[in-house]
Amino acid sequence: MSRFLSGALSGLTPYTPGEQPQDQNYVKLNTNESPYPPSPGVLAALNEREGAALRLYSDPTARELKAALARRYGVEPDNVYVGNGSDEALNFAFLAYATDGRGAAFADITYGFYPVFCDLYHIPTRIVPLRADFTLDPGDYHGLGRTIVIANPNAPTGLALSRDQVEGIVRTNPDSVVIIDEAYVDFGGESCVPLTRTYPNLLVVQTYSKSRSMAGARLGYAIGDAALIRDLETVKFSTNPYNVNRLTLRAGVAALAEQSYYDGNCEKIMETRAYTTRELEKLGFTVLPSRANFIFAKKDGVDGGALYRGLKERGVLVRHFDKERIRDYNRITIGTREQMDIFLEKVKELL
Ligand code: PMP
């Protein structure tokens, strides 16, 4: 750090994204991207005319995309915020709601960006440990009276709460915002978007990065009461009004017209997830029951870090978190059947 960095930032440990090797030589199962390309309409939308239009700023109101997302989810356009990845929507939500002095609460094992936002904004944090089996006890969150953030399905465990369980948390915290991060919901989770019509304190965040094959386009969105969306817009118009670029706005609309293509991909990924789980269990692994496009697995007597490194040497990238409680595990993104067969073959070699 330079000697000019403000004291307020000096203790900050930034988020560490998964490795993004720029050669294509790895079977890349480490950052939960889709193994399938975006739909044909998305590729067609990124044409020469759109390229030429890059001289113009993007629509800061994202009118067309908000209208299309509203139709898709059965809400009104003013119930939709669109952002530069769901990371940005989460960032703005932490800033908007958790800096009120009461702070934020989230699990000990969950998305690693939440504690970074808290550090960044000096938000007091209540860490709520998951049970020994990594399930979340909804009762731990009843009446907490502070901003609550839950990834559902959770990362890196893949375990999910039902909509009813989330509703109990939202209902018992009427004076706090409950943020449900549904980055992985399309792989078998139960979305809480329908609850946003009833509860003005519920914000649901989703992304195009996983089920819609557009991690590189950086597009996320939040759905909630119009007043919550206005708060996020206030932060956006105070930082970066053109937060989503023109090509990504186009691609986002085009993807919604081809829902069945993405539904088909999710089906394939869920089948491949079941296959990979079965094969790992045959090899003696414990695999948590996942509702996401990744699995979280360990084998007794096998060091998680050593397995990660061994796989990397053999050209397969997975994600290992050197963190208490989960050091024995690896998080493995579900790719194509062919990719998973290579992964399984390398695991067998290493065992
Ligand atoms: N939430 C969770 C739980 C995630 O795992 C990720 C992916 N790193 C994100 C949000 C952010 O995704 P993006 O910014 O690509 O939408």
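Trainee: Leaving aside its neighbours within four places in sequence, what is Ser58 in contact with?
Mentor: Ser58 is in contact with Tyr242, Val244, Asn245, Arg246 and Leu249, where contact means heavy atoms within 4.5 Å. Keep in mind that this is a predicted model, where local features need pLDDT of at least 70, side-chain atom pairs count only at pLDDT 80 or more, and totals for chains, interfaces and linings use all residues. Residues are numbered from 1 along each chain as its sequence is written, and side-chain values use heavy atoms, with hydrogens and water left out.

Trainee: OK, is Ser58 buried or exposed?
Mentor: Ser58 has a relative accessible area of 8%, so it's buried (under 20% is buried, over 50% exposed, in between partly exposed, with a 1.4 Å probe and protein chains only).

Trainee: And where does Ser58 lie?
Mentor: In the loop between helix H2 (48–52) and helix H3 (63–73). Helices here are DSSP runs of H or I with at least four residues, strands are E runs of at least two, and both are numbered from the N terminus.

Trainee: Switching to rings: how many aromatic pairs are there?
Mentor: The count comes to 16 aromatic pairs. Rings of Phe, Tyr and Trp (its six-membered ring) pair if their centres lie within 6.5 Å; planes under 30 degrees apart are stacked, over 60 edge-to-face, and the rest tilted. Phe113 and Phe117 are a stacked pair, 4.4 Å centre to centre with 10° between the planes.

Trainee: Where do Phe113 and Phe117 lie?
Mentor: Both lie in helix H5 (residues 113–121), 4 residues apart, or about one turn of the helix. Phe113 counts as buried at 17% relative accessibility, and Phe117 is buried at 3%.

Trainee: Why is the pair of Phe296 and Tyr329 stacked?
Mentor: Their planes are at 10° and the ring centres 4.6 Å apart, so that pair is stacked. Phe296 is in strand S10 (residues 294–298) and Tyr329 in the loop between strand S11 (316–317) and strand S12 (330–333), so the pair ties together parts 33 residues apart in sequence.

Trainee: Last topic: at what angle do the axes of H4 and H7 cross?
Mentor: Helix H4 (residues 85–97) and helix H7 (residues 226–237) have axes that come within 9 Å and cross at roughly 100°. Axes are lines fitted to C-alpha atoms, for helices over the stretch in contact, and angles run from 0 to 180 degrees between N-to-C directions.

Trainee: Which residues of H4 make the contact?
Mentor: Ala89, Phe92, Ala93, Leu95, Ala96 and Tyr97, facing Leu228, Asp231, Leu232, Val235 and Lys236 of H7.
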